[in-house]
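Here is a friendly tour of one protein model, from its overall build to its aromatic rings. Have a look at the structure first, and then read on.

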Amino acid sequence: EAYAAVTERDGGRCVRCGRFGTVQRDHRQGRNAYNTVPSNLQCLCPPCHLWRTDNFREAVVTGFAVSRHSRPELWPAWRVGVGWVQYFDTADENGNWWQAISQEMAEFIMSNGGRPDGD
C-alpha cells in the first residue's frame, strides 16, 4: 500500500533528477519492520539510487536519506522542482503528501537531529 501511494505521490519520476520511467521505491532510512511508510519512501531512478547508496552522508544532508537516529516523518526531503519538504504518511484533506519548507527550516531541523522544535 505504501509503495503504491509513493509511486502515485512521486508521479513515477525520480525525486532527485526528475527522470521519468524506471524508478525504484527507495527507503530513505534503512528498511525495517516498521518503516515502510510514505514518509520514508521516495522514487529514485537507478543512477540516483546508486548515488544515494554510495554517498550516504551527502544524501542525508541533501534530503535523500535519513540517518538511523532520526525520524523519517520529521527529516526534510528534497524534491526536484519543489525544493525542501516534509512528507506525510497520508495525504491531507487537500490531497497533499508533503508540506514545503524553507531551506533555513530544513537546515534547522537537520541541525537539531530531525526535531523541528529543537528539543
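## Overall build

Let's begin with contacts across the chain. Taking contacts between residues at least 6 apart in sequence, 46% of them join residues at least 24 apart. Please keep in mind that this is a predicted model.

The protein has 119 residues, and a compact globule of that length would have a radius of gyration near 14 Å; the value here is 13 Å, which agrees. Along the principal axes, the C-alpha atoms fill a box of roughly 40 × 35 × 30 Å. Buried residues make up 41% of the 119. The accessible surface is about 6,700 Å², and carbon and sulfur atoms account for 50% of it.

## Helices and strands

The secondary structure consists of 4 helices and 5 strands. Their order along the sequence is α-β-β-α-α-β-β-β-α.

## Aromatic pairs

The whole structure holds 2 aromatic pairs. In one, the ring centres of W51 and F64 are 6.0 Å apart and the planes meet at 85 degrees, so this pair is edge-to-face. W51 belongs to helix 2 (residues 46-54), while F64 is in the loop between helix 3 (56-61) and strand 3 (77-79), so the pair ties together parts 13 residues apart in sequence. Both W51 and F64 are buried.

W78 and W84 also form an edge-to-face pair, with 5.5 Å from centre to centre and 75 degrees between the planes. W78 counts as partly exposed, at 30% relative accessibility, whereas W84 counts as buried, at 10%.

## A charge over the rings

Where does R16 lie relative to W51? R16 lies over the face of W51, 3.7 Å from the ring centre. The charged end of R16 also sits over the ring of F64, at 6.0 Å from its centre.

Definitions and conventions
Residues numbered from 1 in each chain as written. Predicted model: local features only at pLDDT ≥ 70, side-chain atom pairs only at ≥ 80, totals over all residues. Heavy atoms only, no water. Phe/Tyr/Trp six-rings, centres within 6.5 Å; stacked < 30°, edge-to-face > 60°. Helix = DSSP H or I, 4+ residues; strand = E, 2+ residues; numbered from the N terminus. Buried < 20%, exposed > 50% of the residue type's maximum accessible area, 1.4 Å probe, protein only. Lys NZ or Arg CZ within 6 Å of the ring centre and 35° of its normal. Rg over C-alpha atoms; globule rule 2.2 N^0.38 Å. Contact = heavy atoms within 4.5 Å. Areas by Shrake-Rupley, 256 points an atom, 1.4 Å probe, with all protein chains shown as cover.
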